[in-house]
Amino acid sequence: GYKPATHKTWLDSVIKEAGAYNADSTYLLAQLYSQGIGVKKDLNKSLELYDQVAILGSADVEKEITEVQAQIAQARKDKVLERKRQQQAQVRLQQQQKLQAEQEKLRAEQDKLSAEAEKAKQAEANKLALEEKRRRYEAVMLKIKQEQQLIDEQQAAATGKEVAAIDDEI
């Protein structure tokens, strides 16, 4: 039930008396630091204060010292584990970014290959269209040649000559 506005004077007096090596105040302040009540939680400061109480010899604080040491060790383990988790997350992120970059590269290559295939397909279509035009042109030219032969034969028959002269052609 610590309330900063109500208990500030009391906390200041506990801190002052602990500074004067009052064992009870030092013990109380060590508890406050270990719990983070009225002050920022600081296990190292709590351990230091419990050591002072042990030196003063007014209370048996070995149990509290052992508990705070265990909490400090656990906090260190937690920090190491958190650091490992962060490193693993960073590695996963880098792997994911690398994978995305490779996928983008593959997509770009696929797009390039698709574009080349489309270009080749278009070139083949153009070639076929050109061949079709040439075939139709040759067919038309053959028909014109046949019609010209027919005209020449008709003119030859009309004029009595064997083959029409060039100036007879239209």
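Analyst: Contact means heavy atoms within 4.5 Å. Helices (H or I, at least four residues) and strands (E, at least two) are DSSP runs, numbered from the N terminus. The model is predicted: local features need pLDDT of at least 70 and side-chain atom pairs count only at pLDDT 80 or more, whereas totals for chains, interfaces and linings use all residues. Residues are numbered from 1 along each chain as its sequence is written, and side-chain values use heavy atoms, with hydrogens and water left out.

User: What covers the buried residues of α2?

Analyst: The cover includes α1, α3 and α4. The buried residues of α2 are Ala 23, Ser 25, Thr 26, Leu 29, Ala 30, Leu 32, Tyr 33 and Ser 34. Buried stands for under 20% relative accessible area, exposed for over 50%, and partly exposed for what falls in between (1.4 Å probe, protein chains only).

User: How do you know what span α2 should have?

Analyst: The expected span of a helix is 1.5 Å times one less than its number of residues. For the 13 residues of α2 that gives 18 Å, and the end C-alpha atoms are 18 Å apart, so the two agree.

User: How does the reach of α3 stand against the expected value?

Analyst: Helix α3, residues 43-56, has 14 residues and reaches 20 Å from its first C-alpha to its last, close to the 20 Å expected. Its buried residues are Leu 43, Ser 46, Leu 47, Leu 49, Tyr 50 and Val 53.

User: Why are the buried residues of α3 said to line one face of the helix?

Analyst: Seen down the axis of α3, they fall within an arc of 165°, where the arc is that of the directions from the helix axis to the C-beta atoms. That is why they are said to line one face. What covers these buried residues includes α2 (23-35) and α4.

User: Why is Gly 57 called exposed?

Analyst: Gly 57 has a relative accessible area of 57%, which is over the cut-off for exposed, so the label applies. Gly 57 lies in the loop between α3 and α4. Its C-alpha atom is separated by 78 Å from that of Glu 109, 52 residues apart along the chain.

User: What makes Tyr 137, Val 140, Met 141 and Ile 144 a patch?

Analyst: A patch takes residues with over 30% relative accessible area and no salt bridge; like charges are joined within 9 Å, nonpolar side chains (Val, Leu, Ile, Met, Phe, Trp, Tyr) within 5 Å. These four form a nonpolar patch on the surface, with about 390 Å² of accessible area together. The areas come from the Shrake-Rupley method with a 1.4 Å probe, and for residues only the protein chains shown count as cover. Tyr 137 is in helix α4, residues 62-159, and at 53% relative accessible area it is exposed.

User: Why is the pair Arg 85 and Glu 82 called a salt bridge?

Analyst: A salt bridge needs a side-chain nitrogen of Lys or Arg within 4 Å of a carboxyl oxygen of Asp or Glu. The N to O distance for Arg 85 and Glu 82 is 2.8 Å, so the pair qualifies. Both lie in helix α4, three residues apart, about one turn of the helix. Arg 85, at 45% relative accessibility, is partly exposed, and so is Glu 82, at 35%.

User: How many salt bridges does the rule give?

Analyst: The count comes to six. Among them is that of Arg 107 with Glu 104, whose closest N and O atoms are 2.3 Å apart. For Glu 132 and Arg 135 the closest N and O atoms are 2.4 Å apart.

User: Why are Glu 132 and Arg 135 separated by about one helical turn?

Analyst: They are three residues apart in helix α4, which gives that separation. Salt bridges that share partners join Glu 132, Arg 135 and Arg 136 into one network.

User: Why does Val 91 count as partly exposed?

Analyst: Its relative accessibility is 41%, which falls between the limits for buried and exposed.
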